Amino acid sequence: MAMRSRRLTTLLFSIVDKTQVRKPGRIPDRMTGVGSVVGRWFSSASSSAAAAAATDDESDMYEVGRGLKDYEDYRRSLYGEITHKALLVDAVGTLLVPAQPMAQIYRAIGEKYGVQYSEDEILKRYRRAYEKPWGGSRLRYVNDARPFWQYIVSASTGCSDSRYFEELYNYYTTEHAWKLCDPEAEKVFKALRERGVKVAVVSNFDTRLRPLLRALRCENWFDAIAVSAEVEAEKPNPTIFLKACELLGVNPEDAVHVGDDRRNDVWGARDAGCDAWLWGSDVTSFKEVAYRIGVKI
């Protein structure tokens, strides 16, 4: 473990050293990966094996932490105290989560329509259906995405009753179906915008997202909303991130995206030229996001 951490530390510092000689401007792609690498390292450090080696690795952990600080100092040397001009935020899993487990709702509403599957079975069938290719296209959310969701509901529950689908579909457009991941989100976004940092939602969602944000009274927290059903591109396609930056009037290298999916959010944003932090690993609250950008709440 100690050898692994020393290799990582060496890698971090080699990246920092090499980037110091570059001309100010776009952050090199390798630098944008530092936060994710550190996040993965700390995650593995929480395992039983890492716990057993914790004493030996204390100095190595300190070095990794210093490497991360050097990265943040590097950005500030280029951009000033505020390291990013824009914050892009994923919706489901980062900004919002279902108020109740999906399978529980599918079964509760479905009982009066004859749904008999258990919640465990519904969840298993949902995951299987969701992961399958959709109609020969990678675009699931086209307009209101009703055909896609009709397929998902039917495959998950075995029920094709249109009345059941409509009730379930409409339920997920209401404020009762969702809750905020971070209760301090509004305060943080307000503080960021007051310091000149623009904020946008970037989400793989259908056209229900805007009315949903209005129902949750948080639509006005954002300077722009980039929805895959409107952009006609779904994460990790960099197009949706580039569209969000265009709506905000910033260059991709001036934006950081925060989301809970490594492939869709982190890799997709970096392919677009944005910085990216993994929600739940690199950052665990929007207050922490603001602090890393350079705004104290």
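Predicted model: local features only at pLDDT ≥ 70, side-chain atom pairs only at ≥ 80, totals over all residues.
Me: How many helices and strands does the protein chain have?
Reply: The protein chain comprises 297 residues, of which 48% count as buried. Its secondary structure consists of 15 helices and 7 strands.

Me: What share of the contacts in the protein chain with a separation of 6 or more comes from residues 24 or more positions apart?
Reply: The contacts considered here are those in the protein chain with a separation of 6 or more. Within that set, residues 24 or more positions apart account for 68%.

Me: Which residues touch the most other members of the largest nonpolar core?
Reply: The largest nonpolar core has 59 residues. Apart from it lies another core, of 21 residues, including A224, L248, A269 and A276. In the largest core, the residues that touch the most other members are L87, Y106, W149, F189 and L192.

Me: With which residues is W149 in contact, leaving aside its neighbours within four places in sequence?
Reply: W149 belongs to the largest nonpolar core. Once neighbours within four places in sequence are set aside, the contacts of W149 are Y106, Y126, Y130, Y141, D144, F165, Y169, D206 and R208.

Me: Are α6 and α9 parallel, antiparallel, perpendicular or oblique to each other?
Reply: Helix α6 (residues 102-110) and helix α9 (residues 162-171) pack with their axes 10 Å apart and at an angle of about 140°. The contact is made by I105, Y106, I109 and G110 of α6 and by Y164, E167, L168 and Y171 of α9. Angles over 145 degrees count as roughly antiparallel. The two helices, α6 and α9, are therefore oblique.

Me: What is the handedness of the crossing in which α6 passes α9?
Reply: Helices α6 and α9 pack against each other at about 140°. The crossing of α6 past α9 is right-handed.

Me: Where on helix α15 do its buried residues lie?
Reply: The buried residues of α15 (residues 286-293) are F286, V289, A290, R292 and I293. Viewed down the axis of α15, they fall within an arc of 165°. In an α-helix there are 3.6 residues a turn, so residues three or four places apart point the same way. The buried residues of α15 therefore line one face of the helix.

Me: Which residue just after α15 takes a positive phi?
Reply: Helix α15 covers residues 286-293. Just after α15, a positive phi of about 115° is taken by G294.

Me: Is S281 buried, partly exposed or exposed?
Reply: S281 lies in the loop between β7 (275-278) and α15. S281 and D260, 21 residues apart in sequence, are 8.5 Å apart in space, C-alpha to C-alpha. Because its relative accessibility is 25%, S281 counts as partly exposed.

Key
Residues numbered from 1 in each chain as written. Heavy atoms only, no water. Buried < 20%, exposed > 50% of the residue type's maximum accessible area, 1.4 Å probe, protein only. Helix = DSSP H or I, 4+ residues; strand = E, 2+ residues; numbered from the N terminus. Arc of directions from axis to C-beta. Core = buried A, V, L, I, M, F, W, Y, C linked by side-chain atoms within 4.5 Å. Contact = heavy atoms within 4.5 Å. Axes fitted to C-alpha atoms, helices over the stretch in contact; angles between N-to-C directions. Parallel < 35°, antiparallel > 145°, perpendicular 65-115°, else oblique. Left-handed = near helix turned anticlockwise from the far one by under 90°.
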